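Hi,

Here is the structure I promised to pass on.

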Amino acid sequence: MILKELLHAIPVVQVVGSLEVEVASVCFDSRKVEKNTLFVAIRGVQTDGHLYVGKAIALSASAVLVEQLPQQMDDNTTYVVVGDTSYALGIAASNYYGNPSQELKLVGITGTNGKTTVATLLFNLFRQLGYHVGLLSTVENKIGDRIIPATHTTPDPVALNKLLSDMVDEGCDYCFMEVSSHAIVQQRIAGLRFAGGLFTNITHDHLDFHGSFDKYIKAKKKFFDDLDRYAFALTNTDDKNGQVMLQNTFAHKKTYGLHQVADFKARVIESHFDGMLLQIDSHEVWVKLVGGFNAYNLLAVYGAAVLLEQETLKILTAISEITGAQGRFETVRSKNGIVGIVDYAHTPDAVENVLTTIKDLKVVGQQIITVLGCGGDRDKTKRPEMARVALKYSDKVIITSDNPRTEDPLTIIKDMEAGIPAEKKKNVFTISDRREAIRAACHIASAGDIVLIAGKGHEKYQEVSGVRHHFDDKEELEKTFNE
Ligand SMILES: CC(=O)N[C@H]1[C@@H](OP(=O)(O)OP(=O)(O)OC[C@H]2O[C@@H](n3ccc(=O)[nH]c3=O)[C@H](O)[C@@H]2O)O[C@H](CO)[C@@H](O)[C@@H]1O[C@H](C)C(=O)N[C@@H](C)C(=O)N[C@H](CCC(=O)O)C(=O)O
Ligand SMILES: Nc1ncnc2c1ncn2[C@@H]1O[C@H](COP(=O)(O)OP(=O)(O)OP(=O)(O)O)[C@@H](O)[C@H]1O
Ligand SMILES: N[C@H](CCC[C@H](N)C(=O)O)C(=O)O
Ligand SMILES: [Mg+2]
């Protein structure tokens, strides 16, 4: 491809060199530069890509995209200066792959909790309706039945546009993708055309990255600000900040909710460990998911499907048959009748939702025993809150490790323990080895009790001292139950 074509729609400030040079690939990591690459210098959290321009040229990059020209320049390289290289990278990646988001209907889902669930439910629903569909999610990326492992919730712009382009080549009509707040701020979605945007909720998370709750809200809102007038923007009116998301969007505004006035309404009529009876608009439908929060997720899915012009009755029939994502409220029963639940709740709000759901479903006399840890190198302020909420709704809590990453597991555990009031300490145990913590919870439990293993859901690893070891909560639970 010629550099000039790749720069289409990018606001260029200055060019030094020829715009006619050949570009074989787009890359933002100097370590991966090959012959005739366009190297894009990104200012990151750890370092600044501008420091590696020389290295990229030494590896035969034909052009570089920068915010600032280097002091020493190479005569055989073209330098393109823009105001924001992260934004330009999104557009260049999209141009490179032939703007694939314009060739299918792309729907983005953002919010603190529920993105993977809603994206996966939409993927499953539209497949059930007979379409070719793609999915970009925390758990996995999919093109029809084909699984492409996910590294991020929202991939980087080059990987993202490559996946979309593969979906177009394989005949996908729709793609449902999670849009993380990191991705919005880092412009990973710049240059994409969305047919719709969906908001689930916003609560405490990622304050380490965004700095304040206000900035976190603004990050989510930017996704809706950037939608065009042909798209829909579907928000949760029951969330305190649901309407904020729609304040400055050009998109077609729609709402869903269980309590406030909304375009799409639902009500939970009955709840069981194996499913719920919902009233969606005026129709009653049995679903396979559990929990009030999943009533929101399913209603959001229904609303999006209606806005994508699917027939109501077909949607409701399919909704009654679909299941959600791996590691979200997955139940395992022991031989002697203990109910084990694996759930990805890793925010205070999610822990509260999953535990209130369990509390509503349990019968008198059943104890709730929760095993919970918090991730290292991530938002520290949520640690005491998660422990406090877990104890509020559980009879016993075992505080353990999640993914300590590069932190000392005991420091994380201490941060969590700070959320436990002195008089409640007798109901809390600390076992830093997660495998042992799960085993202990199962041994404390009697027939009929409920053991919740929270925080890691589908994850198949535990990251300790920067190294990932195989670990699977569900597998551990099954092993202990079968001993
Ligand atoms: C905090 C964060 O989001 N970091 C992402 C970011 O890394 P960074 O800003 O630290 O990059 P950096 O290391 O400072 O480097 C800056 C630039 O210099 C380049 N570089 C660097 C070294 C070198 O030798 N040569 C070179 O060219 C890098 O390629 C990069 O372009 O850009 C990288 C490249 O795209 C990402 O891989 C990385 O994700 C890290 C691994 C990560 O863990 N991100 C998490 C927090 C994340 O994004 N999570 C969200 C989900 C959150 C949610 O639950 O909602 C997600 O979407 O996955
Ligand atoms: N609508 C919702 N509201 C509140 N909590 C939810 C909702 N949906 C799911 N949860 C809880 O949050 C956990 C994570 O759900 P899910 O993976 O769908 O969220 P996510 O937004 O994709 O998370 P991540 O930011 O890590 O990608 C679930 O295991 C469940 O406990
Ligand atoms: N997307 C979330 C995942 C958290 C999962 C939890 N198991 C942890 O490792 O903290 C994050 O990056 O904060
Ligand atoms: Mg997710």
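A quick definition to start: donors are N, O and S atoms within 2.8 Å of the metal (3.2 Å for Na, K and Ca), and water is not among the atoms, so sites may look incomplete. This is a predicted model, where local features need pLDDT of at least 70, side-chain atom pairs count only at pLDDT 80 or more, and totals for chains, interfaces and linings use all residues. Residues are numbered from 1 along each chain as its sequence is written, chains are lettered from A and ligands numbered from 1 in the order in which they are written, and side-chain values use heavy atoms, with hydrogens and water left out.

Now the metal. Along the chain, the donors of the magnesium ion (ligand 4) follow the spacing T-x21-T-x39-E. They are Thr116 (OG1), Thr138 (OG1) and Glu178 (OE), at 2.1 to 2.2 Å. Threonine 116 sits in helix H4 (residues 115-128) and glutamate 178 in strand S10 (residues 174-178), so this pair ties together parts 62 residues apart in sequence. Helices (H or I, at least four residues) and strands (E, at least two) are DSSP runs, numbered from the N terminus. Threonine 116 is buried, at 7% relative accessible area, and glutamate 178 is buried too, at 1%. Buried means under 20% relative accessible area, exposed over 50%, partly exposed in between (1.4 Å probe, protein chains only).

Then there's a sheet: S18 (residues 339-343) and S22 (residues 450-454) run parallel, joined by five bridges. Two strands pair if DSSP finds at least two bridges between them. Valine 342 stands opposite isoleucine 453 in S22.

Cheers
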